Amino acid sequence: MKIGFIGTGNMAGAMIAGIKHTHPDWEIHGYNRSHDKLINLQNKWGVVPSDSLAELAALADYLVVGVKPQGYDAMLAQLRPLLQPRHVIVTVAVGYSIERVQRHAGEDAKVVRSMPNTPAQIGQGMSALCASSHVSVDERAAAQSIFESFGRAVFIDEAQFDVFSAVAGSLPAYVCLIIEALADAAVQHGMPRAQAYGVISQAVMGSAQLVRDSNRHPAELKDQVCSPGGTTIAAIAALEAGGLRSTLIEGVSACMARTKVLAGK
């Protein structure tokens, strides 16, 4: 597999780390305005720096566009004359549709739209994918294998991308905020902070895996912990009174609303 990263920011770095952990033999090429970032990735993961976009396109088959969303239009316009039939463009920009990519890169451009998240860097990413009609079955499978090298990846309808971004792409930020708040509470009641982070993060990870792997409704698993008149149900009542559930729902809605603004919808 020959993969070229155009832009090597945080998400690209997470993807590269995950890919190299799973497939150290895959060729990873990179092009970035900041040469220092490329050198760091070269030293750490063996990424091959390219001096130009043309050089990168000549070496790679899958082109991951990891520039800022506001730079996508211009970057795709530069990429358009360099595209060959073998190339598959992989996007990671929030709110950037396949139709918009093809508007700038060409109607026949092969496009895989993706939305990974930062746990990719430890092999625990959750990614969504969809593809243009020009992408073959084999190319879809190859694209999925890229994202499955650092976690799980599923093909979904493009219409569901905004909500996926809000509930999975942004989720690490929500969970880290919750862990930080719970650690503050633990410190308030005498637990050392470093210990609190370790205890809480393990409990979060185990609880999430229980939901994923047990195939049981989250409410049922919650009820297992809530004894009648017990301590956990008292905590749940306080969280409900504070609007935790509705606040999370509102947060997802705010994320989706902002996505539509950035996408010009």
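Let's start inside the sheet. Strand E5, residues 88-91, and strand E6, residues 111-115, run parallel and are joined by 3 bridges. Thr-91 stands opposite Arg-113 in E6. Strands here are DSSP runs of E with at least two residues, helices are runs of H or I with at least four, and both are numbered from the N terminus.

A word on the source. This is a predicted model, where local features need pLDDT of at least 70, side-chain atom pairs count only at pLDDT 80 or more, and totals for chains, interfaces and linings use all residues. Residues are numbered from 1 along each chain as its sequence is written, and side-chain values use heavy atoms, with hydrogens and water left out.

Now the whole sheet. It is open, has 8 strands, and its pairing is mixed. The order is E3-E2-E1-E4-E5-E6-E7-E8. Two strands pair if DSSP finds at least two bridges between them. Which strands stand at the edges? Strand E3 (48-49) and strand E8 (151-155) do; each has a single partner strand, so one side of each is left without a neighbour in the sheet.

Helix H7, residues 161-169, packs on this sheet. H7 touches E6 and strand E7 (125-131); contact means heavy atoms within 4.5 Å. The direction of H7 makes about 35° with that of E6. Axes are lines fitted to C-alpha atoms, for helices over the stretch in contact, and angles run from 0 to 180 degrees between N-to-C directions.

H7 also packs against helix H12, residues 244-262. The angle is about 130°, and the axes are 9 Å apart. That makes H7 oblique to H12. Oblique is what remains after under 35 degrees (roughly parallel), over 145 (roughly antiparallel) and 65 to 115 (roughly perpendicular). Among the residues that meet are Val-163 in H7 and Met-256 in H12.

Next pair: helix H8 (residues 171-188) and helix H9 (residues 193-214). Their axes come within 9 Å and cross at roughly 135°. So H8 is oblique to H9. The residues that meet include Ile-179 and Leu-182 in H8, and Tyr-197 and Ile-200 in H9.

Last, the aromatics. How many aromatic pairs does a search of the whole structure find? It finds 2. Tyr-72 and Tyr-96 form one that is tilted, 4.7 Å centre to centre with 45° between the planes. Rings of Phe, Tyr and Trp (its six-membered ring) pair if their centres lie within 6.5 Å; planes under 30 degrees apart are stacked, over 60 edge-to-face, the rest tilted. This pair links distant parts of the chain, 24 residues apart. Tyr-72 is in helix H4 (residues 72-79), and Tyr-96 is in the loop between E5 and helix H5 (98-105).
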